[in-house]
Amino acid sequence: MELEIKKELSGATLTVFLKGKLNSGTSSQLKTELEDLSGVSELIFDLKELGYIASAGFRVIIDAYKKVTGNNGTVKVINVNESNMEVFEYTGLTDILDISGI
């Protein structure tokens, strides 16, 4: 198992649960899942079971962020483990995204 993606839509809120590794080999899978974000005003990435995220994964999250916020929506990244949080902080994404740890 490289990456498992589960999506739950509740009204205009889409929660995306990621499990495994989000890297250059799996980021296209997530990109495909997030192609149509029309009607989504709140996008939540739940990373509780994500063991690893690489720069390719960050690009997909930022692209989704641009789509949703471009339509006056919000994006949250929740349940980020300690090692992934360090990478979010290092990249400066904690200044842009609403991110919370486990």
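Predicted model: local features only at pLDDT ≥ 70, side-chain atom pairs only at ≥ 80, totals over all residues.
Asn84 is buried, with a relative accessible area of 3%. Asn84 sits in helix 3. Its side chain reaches the backbone oxygen of Leu50 at 3.1 Å. Leu50 is also among the contacts of Asn84, together with Gly51, Tyr52 and Ile53, once neighbours within four places in sequence are set aside. Asn84 counts as buried because its 3% falls under the 20% cut-off.

Next comes the nonpolar interior. In soluble globular proteins, nonpolar side chains tend to be buried together. Here the largest nonpolar core has 28 residues. Leu18, Leu34, Leu43, Phe45, Phe88 and Leu97 have the most contacts inside it. Which elements give two or more residues to this core? They are strand 2, strand 3, helix 2 (55–70), strand 4 (74–80) and helix 3 (82–91). Helix 2 gives the most, with six residues.

Residues up to four places away in sequence are not counted here.

Now the charged pairs. The structure holds four salt bridges. Glu49 lies in strand 3 (residues 42–53) and Lys19 in strand 2 (residues 13–22), so the pair ties together parts that are 30 residues apart in sequence. Lys19 is partly exposed, at 31% relative accessible area.

Another salt bridge joins Glu33 and Lys7, at 3.1 Å, N to O. This pair also links distant parts of the chain: Glu33 is in helix 1 (residues 27–33), Lys7 is in strand 1 (residues 3–10), and 26 residues separate them. How accessible are the partners? Glu33 is partly exposed, with a relative accessible area of 32%. Lys7 is partly exposed too, at 38%.

Glu8 and Lys6 form a further salt bridge, at 3.6 Å, N to O. Glu8 is partly exposed, with a relative accessible area of 41%. Lys6 is likewise partly exposed, at 49%. Lys6 counts as partly exposed because its 49% does not pass the 50% limit for exposed residues.

Technical notes
Residues numbered from 1 in each chain as written. Heavy atoms only, no water. Salt bridge = Lys/Arg side-chain N within 4 Å of Asp/Glu carboxyl O. Buried < 20%, exposed > 50% of the residue type's maximum accessible area, 1.4 Å probe, protein only. Helix = DSSP H or I, 4+ residues; strand = E, 2+ residues; numbered from the N terminus. Core = buried A, V, L, I, M, F, W, Y, C linked by side-chain atoms within 4.5 Å. Contact = heavy atoms within 4.5 Å. Polar contact = N/O pair within 3.5 Å; in protein donor to acceptor, adjacent residues only side chain to side chain.
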